[in-house]
Amino acid sequence: MATPPYQENPYQQPPAYPAEPPAYPTEPPQARPQSGRSQRMSESSLRLVWVYPDLLSTYGDRGNALVVERRARQRGLNVQRIDVRSDQAVPTSGDIYLIGGGEDRPQRLAAERLAADQGLVRAAENGAIIFSVCAGYQILGHEFLNDRGERQPGLGLLDVWTGRGEGARCVGDVLAETDPQLNLPQLTGFENHQGITHLGPGVKPLAQVQVGRGNGTGDGTEGAWRDTVFGTYLHGPVMARNPAVADMLIKLALDVNALPPADTTWYDALRAERIAATRQPA
Amino acid sequence: MPGPDSEAAAVRDASLPARAKIAVTAGRVAAALSQKAGRGSGSVIGGKIALKLDPDLLATLSDHLDVVLVSATNGKTTTTRLIAEALRAAGPVVSNALGANMPAGITAALAGGSEARFGVIEVDEKYLAGVARDTRPKAIALLNLSRDQLDRAAETRMMAEKWREGLQDTDAVIIANADDPLVTWAASSCRKVVWVAAGQAWKEDAWSCPSCGGVMQRPGDDWFCQDCGFRRPQPHWALQGTHVIDPQRGAWPIQLQLPGRANLANATSSAAVAAVFGVAPQVALQRMQAVTAVAGRYDVVQYQGRDVRLLLAKNPAGWLETFSLIDQPPAPVILSVNAMDADGTDTSWLWDVDYERLSGHPIFVMGQRKLDLAVRLEVAGLQFHVVDTLEQAVRMAPPGRIEAIANYTAFQQLRKAVAN
């Protein structure tokens, strides 16, 4: 089937975006460095850093922190949760960093403060695990369009950049198949964004949507990842509807392939209900 | 909209311009037809038709009234009722008491206004600027702003900005909550502002300065922005414990039949509004005592031989206030959450609510999105039962008055279930 060229390579032919893409170093997705992490996790204490809840916690993002914390504790881990306000330095020694969704102006402020602070960038250089949602996902990219309609530099931790969609805002339930390499079940979540995020060759899509818009590029991709840095448009919050994602982050932090089982009865029931409802909206 | 047989309405209608007269009559006919067809009171459809026939009708109808507008994310229906009661000390009042708070519903309520001196009007946040332009109010009460239905509403700060732009030229006295930075910012461009320290338990939407984006400092009850100097204004009125403190430092006890800190705050703002019209706080507060349940909220009903109190909580700020007023453990608690269009279809907000505070209560969860609630409560480490119906929850609940907390459409369903 013939497709417009931008769908094959959205990065080179961005729709509805005036300027040419910024220069950046491209790297293919790599296997995560296997050493170093477990040493840093002192005395089985997981350092969970929630970045800027004062600016980026608009869509129940606290839920992601609560679910990761809960599921780590259920595995007998000590969890040290560090909520970092935007006038505080982001610690560089965290194991898992969460950065959430927010409105347009707080997003710009967050990008400015994270760029000035550099803590998250240094943590990423140390191989930290970073999971970002919506506005936070856009901030991790090379750039996004801010509340003033200007191109705002992001942190460049993910090889993506975000423009603004011309059409209707992407709002609604999402169902997506995850990248087989991540060994995760189907993703279910709720999206609510105007941004269109284009993926460069340095990342892979986190998932392919079956229902919903995802990155909004029209090619069905949703989110992006490389190594231990992840981005998604899914709220819900995403960990509450996909506890396997929380478990994946914990496994990466512990540098293990499996975790002791933890009950998922209610998560499973919620997933089944949401997946059915998304496939067949009322 | 009441029928056209009201004598007082006829007297007033006679003084309306011809176009307005036709519009009001047509609206009444439509309302009556809609009512006969079993579609509720018909007031909104009546108002819609009347406004179509005469777009200036709202302005015409409010011409002879002293209009008070009330807007907020939470508490506007109750506060509208409290203000209406207080102002009845000074003259007859017309009000959209049932919460139809968009232009059509407001038009319908005013068209039934007969000989009223005051129009006390609840206004949906999004329509405040337009309604303020049309009705030329004498006073506008701004209670609070917080996140609500983000899948369809404007962003919270944008709402404050809309208020700020829409109200800056108003001649009305603004009665504004000085403890809410977003409300303060919205009101601070107005000429006449009466500041009320009414409190705001929910703080998560105002950590960044609405004016410059700086990080807000919030020591104790105070708040200020370190970057631009925007700060909490000195309040004229305050809620202190269960007393209203007036501008002369008089302290007046609040004795309401409505529970909770939020209603003490609503009463304080209402007393400040009443004072604008010369009603003294002791008179206003005494009249507010007469208010019991408002549109079913806080109503204690008998169901299956048990006392069930119906509590409405639509968003994180509302749930926070509701948790602070429920009976102590081991009072049983029923939680019901829907995600229909009127509720907002994204349930992520459940994670902004501190359900951990329900520890010690036997908990029953129901509603369309009971499984979202179940996961939320599981992560909070709480014990709970998932049930299908109110009847089942009540049957399983241990002794004691049952607190039933629900969001918008779930609340309507509870009222229906108990035939309230």
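This is a predicted model: local features need pLDDT of at least 70, side-chain atom pairs count only at pLDDT 80 or more; totals for chains, interfaces and linings use all residues.
## A parallel sheet in chain B

In β3(B), B:E122 is the bridge partner of B:V70. The pairing of β1(B) with β3(B) is parallel and runs over five bridges. Strand β1(B) also pairs with β4(B), again in the parallel sense, over four bridges.

How enclosed is β1(B)? Five of its six residues are buried, so the rest of the structure largely encloses this strand.

Next, turn to strand β6 of chain B, residues 193-197. Five of the five residues here are buried, so β6(B) is largely enclosed by the rest of the structure. Which residues cover its two faces? B:V193, B:W195 and B:A197 lie on one side, B:V194 and B:V196 lie on the other, and all are buried.

Strand β5 of chain B (residues 173-177) pairs with β6(B) in the parallel sense, with four bridges. Within that pairing, B:W195 of β6(B) is the bridge partner of B:A176. To get from β5(B) to β6(B), the chain passes through helix α9 (residues 181-187) of chain B, and this β-α-β crossover is right-handed. Strand β9 of chain B (residues 237-240) also runs parallel to β6(B), joined to it by two bridges. There, B:A238 in β9(B) stands opposite B:A197.

Helix α5 of chain B covers residues 76-87.

The buried residues include the charged side chains B:K76, B:R81 and B:E85, along with B:L82, B:I83 and B:L87. What do the buried residues of α5(B) pack against? In chain B, they meet the strands β1 (66-71), β2 (93-95), β3 (118-122) and β4 (139-142), and also the helices α10 (261-276) and α11 (281-288).

## The nonpolar core

In soluble globular proteins, nonpolar side chains tend to be buried together. The largest nonpolar core in this model has 220 residues. Those with the most contacts inside the core are A:V51, A:Y97 and A:L249 from chain A, and B:V68, B:L142 and B:I174 from chain B. Which element gives the largest share of this core? That is α10(B), with nine residues.

Leaving aside neighbours within four places in sequence, its contacts are B:S71, B:A72, B:W163, B:I174, B:A176, B:N177, B:V183, B:A186 and B:A187.

B:A104 sits in helix α6 of chain B, residues 103-111. Is B:A104 buried or exposed? It has 20 C-beta neighbours inside 10 Å, so it counts as buried. Beyond its neighbours within four places in sequence, B:A104 is in contact with B:V44, B:G47, B:K48 and B:L51. Although B:L51 is 53 residues away along the chain, the C-alpha atoms of B:A104 and B:L51 are separated by 6.9 Å.

Chain A has nine helices and 14 strands. Of its 282 residues, 52% are buried. Among contacts in chain A between residues at least 6 apart in sequence, 73% join residues at least 24 apart.

One sheet in chain A is open, with four strands in the order β9-β8-β11-β12 and antiparallel pairing. Which strands stand at its edges? They are β9 (187-193) and β12 (221-222), each with a single partner strand, so one side of each has no neighbour in the sheet. Strands β8 (residues 170-178) and β11 (residues 207-211) of chain A pair in the antiparallel sense over four bridges. A:Q208 in β11(A) stands opposite A:E177.

## Where the two chains touch

How many residues does each chain bring to the contact? Chain A gives 30 residues and chain B gives 22. On the chain B side, helix α13 (residues 370-379) supplies the largest share, six residues. The chain B residues that touch chain A divide into 10 nonpolar, three polar and nine charged.

Terms used: Residues are numbered from 1 along each chain as its sequence is written. Chains are lettered from A and ligands numbered from 1 in the order in which they are written. A residue is buried if 20 or more other C-beta atoms lie within 10 Å of its own, exposed if 12 or fewer, and partly exposed in between; C-beta atoms are placed from the backbone. Two residues are in contact if their C-beta atoms, placed from the backbone, lie within 7 Å. The expected span of a helix is 1.5 Å times one less than its number of residues. A nonpolar core is a set of buried Ala, Val, Leu, Ile, Met, Phe, Trp, Tyr and Cys residues joined through C-beta atoms within 7 Å. Two strands pair if DSSP finds at least two bridges between them. A crossover is right-handed if, with the strands pointing away from the viewer, the path from the first strand over the helix to the second runs clockwise.
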